[in-house]
Every structure is written in structure tokens, then in C-alpha cells.
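Biologist: Please take me through this structure pocket by pocket and then element by element, and explain your terms as you go.

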Amino acid sequence: MYTKISENLNRILTFAKNYNPTIVAVSKYYTVNDMRDAFRAGLNNFGENQVIKAIEKINLLEEEIASKSHYHLIGHLQGNKAKKAVGVFDLIHSVDSIKLACELDVIAKQKGIVQKVLIQVNNAFEEQKFGIAPSQLENLISEINGLQNLKLEGLMNIAPLTDDTDLIRKLFREMYKLKESYNLKELSMGMSNDYKIALDEGATIIRLGRTLFE
């Protein structure tokens, strides 16, 4: 697996060299051994979508790997898992309500940390996906900026599963404009199918699973 990941990563980096993104290795469908191989290949950002399973995997990693890696929660966060998530994940990508933001803030205060977060935006208005509408963004940003123990780093987006690259590009472009209009640092968008378009349109974080591990 190490050789395969290294070859895949070199191919991705060749394309991405002019963009310099943070590459999150989406390890949610892969094993702890795969994470070890990814680390050896040069990756130290790992994305998981289930809090409990992520913690179990992190606890199995050697201290050298665990302490030098950064963990990203890229899946929907239920309120009853918030306490376990805060402080484990360096960046929570999926804040989508004032209620969740406030819960995270209270927990972060109790733990004596500042939790970094992204707001998930559903600008394709897909009913089956989480995320807020762009029209709700200003209010949520204002609320989060008023919380002492959350730090808003930027926005996150999941594009529709479609072959319509023009639509994907349009949606990513909209996300970049939103990031810029609110003077935010990070824009997490782009996965195995569409990361090249995402980088073209201003992504600073790309989330790659299959194209890295397979």
C-alpha cells in the first residue's frame, strides 16, 4: 500500500504544485495500517466522518505518528458526539447550525481549548446533504465570531455527484466568492472526482480518499 500511496501522492502533487493545498487523506474507509503507510509517504492530515471510529483508530497509532498528525472531522457532527470530538480533531469541517456551534463552544471552554471549525455550506441545495444555505451564512458567521472558544477558519462544501463539470465549477466558484467576501482563510472543497476543478477555483484544502489509497 505504501508504494501505491506514494505513486498516487506524487501524481497529485505534480498537478497541485502551483496551488499548495492542504491534502487531507480521507482515511474513513481505510485501516490503521493504511494510515501508517500514508504517513510514511508524507501525509499527516487525516479525515474521518465518524467520531467514535476515528478515536479508536487514532488510539491505535504509534505516538510518533499520532502526535505529528492532524485530524479532520469531515462528516456530519451530531450534538451527542460533540463532547468527544472537541480537542481530538484539529479542524471540524461540518458546523451547520448555531445550536451546534454553541455546544462546541461550551465544550471547548470546559476543556480549556479553542476549537477550529469550518462552516459547511450546501449551495447546491441538495436535500440529502447537510450544510446551510448561502443566505444563512452571514448570521452564522456573526454568531460564531461572538463565541470565545471557537475559531472560524473558513468554509466547507461537498459538490453533487454529477458528470456536469460546468455545474461543479460554478458551485465551487460561488464558494470561493463567499470565502473572499467574508475574508476567511480556508476553503475545504474537492474530493477524488473533482479536486482538480476545486483547486482551479480556489480550494485551500482538498479531501482525497480513493485517488490516494487505490
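Biologist: What is the volume of the second largest pocket?

Modeller: This is a predicted model, in which local features need pLDDT of at least 70 and side-chain atom pairs count only at pLDDT 80 or more, while totals for chains, interfaces and linings use all residues. Residues are numbered from 1 along each chain as its sequence is written, and side-chain values use heavy atoms, with hydrogens and water left out. On a 1 Å grid over the protein atoms alone, a pocket is an open set of points with protein on both sides within 12 Å along at least five of seven lines, whereas a cavity is a set where a 1.4 Å probe fits but cannot get out. Points are joined across faces, edges and corners, and a volume is the space filled by probe spheres set on them, which for the second largest pocket comes to about 230 Å³.

Biologist: How many residues of each class line the second largest pocket?

Modeller: Lining residues have an atom within 4 Å of a point, and here they include His70, His72, Asp90, Lys116, Glu153 and Lys185. Ala, Val, Leu, Ile, Met, Phe, Trp, Tyr, Cys and Pro count as nonpolar, Asp, Glu, Lys and Arg as charged, and the others, Gly among them, as polar. On that scheme the lining divides into two nonpolar, four polar and five charged residues.

Biologist: Which residues lie nearest the centre of the largest pocket?

Modeller: The largest pocket holds about 830 Å³ of space, and its lining has 13 nonpolar, ten polar and seven charged residues. Of the 30 residues in that lining, those nearest the centre are Lys28, Ile158, Ala159, Leu161 and Met191.

Biologist: What is the volume of the largest cavity?

Modeller: A search of the whole structure finds one cavity of 30 Å³ or more. Its lining is made up of Gln120, Val121, Asn122, Lys129, Phe130, Asn157 and Ile158, which by class gives three nonpolar, three polar and one charged. The volume is about 30 Å³.

Biologist: Which residues of α6 are buried?

Modeller: Buried means under 20% relative accessible area, exposed over 50%, and partly exposed in between (1.4 Å probe, protein chains only). An α-helix has 3.6 residues a turn, so residues three or four places apart point the same way. What covers the buried residues of α6 includes α5, β4, β5, α7 and β6, and those buried residues are Leu100, Ala101, Leu104, Asp105, Ile107 and Ala108.

Biologist: Which residues does Ala82 touch, leaving out those up to four places away in sequence?

Modeller: Ala82 is found in helix α5 and counts as buried because its relative accessible area is 0%. Contact means heavy atoms within 4.5 Å, and on that basis Ala82 touches Leu77, Leu104 and Ile107.

Biologist: Which residue stands opposite Ile23 in β8?

Modeller: Two strands pair if DSSP finds at least two bridges between them, and β1 (residues 22-26) pairs with β8 in the parallel sense over four bridges. Within β8 (residues 205-208), Ile205 and Arg207 point one way and Ile206 and Leu208 the other, and all are buried. Opposite Ile23 stands Ile206.

Biologist: Which residue in β5 stands opposite Ile92?

Modeller: β4 and β5 pair in the parallel sense over three bridges, and β5 is mostly covered, with five of its six residues buried. The residue opposite Ile92 is Val117.

Biologist: Is Phe125 buried or exposed?

Modeller: Phe125 is in the loop between β5 and α7, and has a positive phi of about 55° although it is not a glycine. Because its relative accessibility is 57%, Phe125 counts as exposed.

Technical notes: Helices (H or I, at least four residues) and strands (E, at least two) are DSSP runs, numbered from the N terminus.
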